[in-house]
Amino acid sequence: MSSNRIKQQSPVTDIVKKTDFQSHAVLFPDNMLEGLIPGASVAHNGCCLTVTKVDGNTIWFDLMHATLNLTNLGLLVVGDKINLERAAKFGDEIGGHAMSGHIMCVARVVDVIDSENNRQVWIEAPEKIAKYLFDKGYVGIDGISLTIGEVRNNRFCVNLIPETLQRTNMGWREVGDEVNIEVDPQTQAVVDTVERVLAAKNTTL
């Protein structure tokens, strides 16, 4: 679980691809190295990965077949920057909603509207995810806890302030980019429960 505070955008420095498997290395800043050892968890664009090797500031991670299929991490190339966040510790401030690091799907950016002090990004979600998206609800995009501004069918938008644009990759996302999506688990539980109750009632009628 993360604290919803993206600490750094850092570049991928190396990628080793194998069949249904990938390892990559990320250059970590000094302020994120304390206590970082093999076995520790770090979120990459919201996806929780395990440290496999520490070589100075270069930290290695392994990505299994399921991770490559469900997230945008398999699309990375050397030089790409990713949102990094260490696992939450007891006493950390939790802002927005708690992020588990379990990505549900990728979704495509379909529109970006820039103004002087704001950026609005529209994203098209798969139908299986759209039912969990509500106006003013929460959604995790590449590990960033954000409030949904508006929902139109299976499309939704988020409004981004300069601080978010500067600290995260949402400052340079463009139309056509794919982002990792994690829905609010409480919303998911409520929606799924209601669906099961209604389905049970319909079968007894």
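Reply: A salt bridge here is a side-chain nitrogen of Lys or Arg within 4 Å of a carboxyl oxygen of Asp or Glu. The model is a predicted one.

By that cut-off, Asp 177 and Arg 173 form a salt bridge, with 3.7 Å from N to O. Arg 173 has a relative accessible area of 8%; buried means under 20%, so Arg 173 counts as buried. The side chain of Arg 173 also meets that of Asp 142 in a salt bridge, at 2.8 Å from N to O. This second pair links distant parts of the chain: Asp 142 is in the loop between β9 and β10, while Arg 173 is in the loop between α3 (162-167) and β12, 31 residues apart. Asp 142, like Arg 173, is buried. Through shared partners, the salt bridges join Asp 142, Arg 173 and Asp 177 into one network.

The strands named here belong to a sheet. Six strands make a closed barrel in the order β7-β8-β11-β10-β9-β12, and the pairing is antiparallel. On average, neighbouring strands of this sheet are turned by 45° against each other, direction ignored. Ile 141 stands opposite Ile 181 in β12.

A search of the whole structure finds eight salt bridges. Another of them joins Glu 195 and Lys 131, whose closest N and O atoms are 3.0 Å apart. Glu 195 lies in helix α4 (residues 185-204) and Lys 131 in the loop between α2 (127-130) and β9, so this pair ties together parts that are 64 residues apart in sequence. Glu 195 is partly exposed, at a relative accessible area of 38%, and Lys 131 is partly exposed too, at 33%. Asp 142 and Arg 173, by contrast, are both buried.

Asn 153 has a positive phi of about 55°, although it is not a glycine. Most residues other than glycine have a negative phi. Asn 153 is exposed, with a relative accessible area of 75%.

Key:
Residues are numbered from 1 along each chain as its sequence is written. This is a predicted model: local features need pLDDT of at least 70, side-chain atom pairs count only at pLDDT 80 or more; totals for chains, interfaces and linings use all residues. Side-chain values use heavy atoms; hydrogens and water are left out. Buried means under 20% relative accessible area, exposed over 50%, partly exposed in between (1.4 Å probe, protein chains only). Two strands pair if DSSP finds at least two bridges between them. Helices (H or I, at least four residues) and strands (E, at least two) are DSSP runs, numbered from the N terminus. Axes are lines fitted to C-alpha atoms, for helices over the stretch in contact, and angles run from 0 to 180 degrees between N-to-C directions.
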